[in-house]
Amino acid sequence: TFSYKRHFIQTAKRVLGVTGSPSGLVLDRGHVVVGQYAMGLDPVGVEGKWSNATVGELIEFLSEKYAGKHLLVGRDKLDHVKGVRQKLLGYECFLNENPEFAAKTVLIQIALTTTEHNELQVQVMDVVNRINSKFGTIEHQPVVFFHKDIPYSQYLALLSAADAMVITSLRDGMNLTSHEYVICQRERKSPLILSEFVGTYGSFNGGALGVNPMDTNAIAQAIKDALVMSDEEKLARWNLLHRQVLTNSATSFVSSFISDIETARAEAGQS
């Protein structure tokens, strides 16, 4: 992304004492080009898996199970940088400030197991239990928490049935989960809530609802904005997101990277 490129050039200038420019670094042996290449996924491949009959049946099941409710989804590794605890605190704040949504909103959080075994899981589960104890009933559970991954077909169905996806990473790269969500939302056009510190955020050109993951009130407000958003705004935002997902695909990533390498090599041979 542009921010990573800028930070790399600035760091090289300060640490190595070399001359820098917006396009790269100037070393004794020549000019080193520094480019920005947005990693993407294979949209056609994801759409092919999304079109599978099993996914369609699962979408129908989820739609019936959570009929009349607002469904929020998240899928993150359970480590500090992914901001799962911050997401839950924002959701708790949303329910506290908007009690009318408490009985009709569900957050399904998939927390992938990591090699780290630390106190984060205890902290996360404390928030989950607190939310379910305060806002849950015998018929309703505000947070459905899975500390494991789910089959890909279920994952695609969950993304498709969601009324919003919430990603609150404290720092992240391109986060292709957001790309998968956009593709799966080709029918519903539901909003994406995305941390401003995710590499993908800058490339989405304002299509996502940006949040600072450390601002609990901002997350709560973004959730409300997503759930009350008009169909017209949903469509406009999704079109922006979808355009960027198609533009910044895995194919374009590889082709642009190789093209720049060939150009740099040709220029080096001429000098």
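The structure is a predicted model, in which local features need pLDDT of at least 70, side-chain atom pairs count only at pLDDT 80 or more, and totals for chains, interfaces and linings use all residues. Residues are numbered from 1 along each chain as its sequence is written, and side-chain values use heavy atoms, with hydrogens and water left out.

I begin with the chain as a whole. Its secondary structure comprises eleven helices and nine strands; these are DSSP runs, numbered from the N terminus, with helices being H or I of at least four residues and strands E of at least two. The C-alpha trace spans about 75 × 40 × 35 Å along its principal axes. Of the 271 residues, 45% count as buried, where buried means under 20% relative accessible area, exposed over 50%, and partly exposed in between, with a 1.4 Å probe and protein chains only. Among contacts (heavy atoms within 4.5 Å) with a separation of 6 or more, 74% are between residues 24 or more positions apart.

Let me turn to helix 9. Twelve residues, 216-227, form this helix, and at 1.5 Å a residue they should span 16 Å; the end C-alpha atoms are 17 Å apart, which agrees. The expected span is 1.5 Å times one less than the number of residues. Which residues of helix 9 are buried? They are Ile-219, Ala-220, Ala-222, Ile-223, Ala-226 and Leu-227. These residues cover an arc of only 160° around the axis, so they lie on the same side of helix 9; the arc is that of the directions from the helix axis to the C-beta atoms. At the start of the helix, a side-chain oxygen of Asp-215 comes to within 3.3 Å of the backbone nitrogen of Asn-217.

Next, the cysteines. A disulfide is a covalent bond between the sulfur atoms of two cysteines. With the criterion of a pair of cysteine sulfur atoms within 2.5 Å, a search of the whole structure finds zero disulfides. Cys-93 is buried at 12% relative accessibility, and Cys-184 is buried at 2%.

Finally, two loop residues. Most residues other than glycine have a negative phi. Lys-189, not a glycine, has a positive phi of about 60°; it is in the loop between helix 7 (176-184) and strand 8 (192-195). Asn-205, also not a glycine, has a positive phi of about 50° and is in the loop between helix 8 (199-203) and strand 9 (209-211). Lys-189 is buried, with a relative accessible area of 18%, whereas Asn-205 is partly exposed at 47%.

Note on methods:
A polar contact is a pair of N or O atoms within 3.5 Å; within protein, one must be able to donate a hydrogen and the other to accept it, and residues adjacent in sequence count only if both atoms are side-chain atoms.
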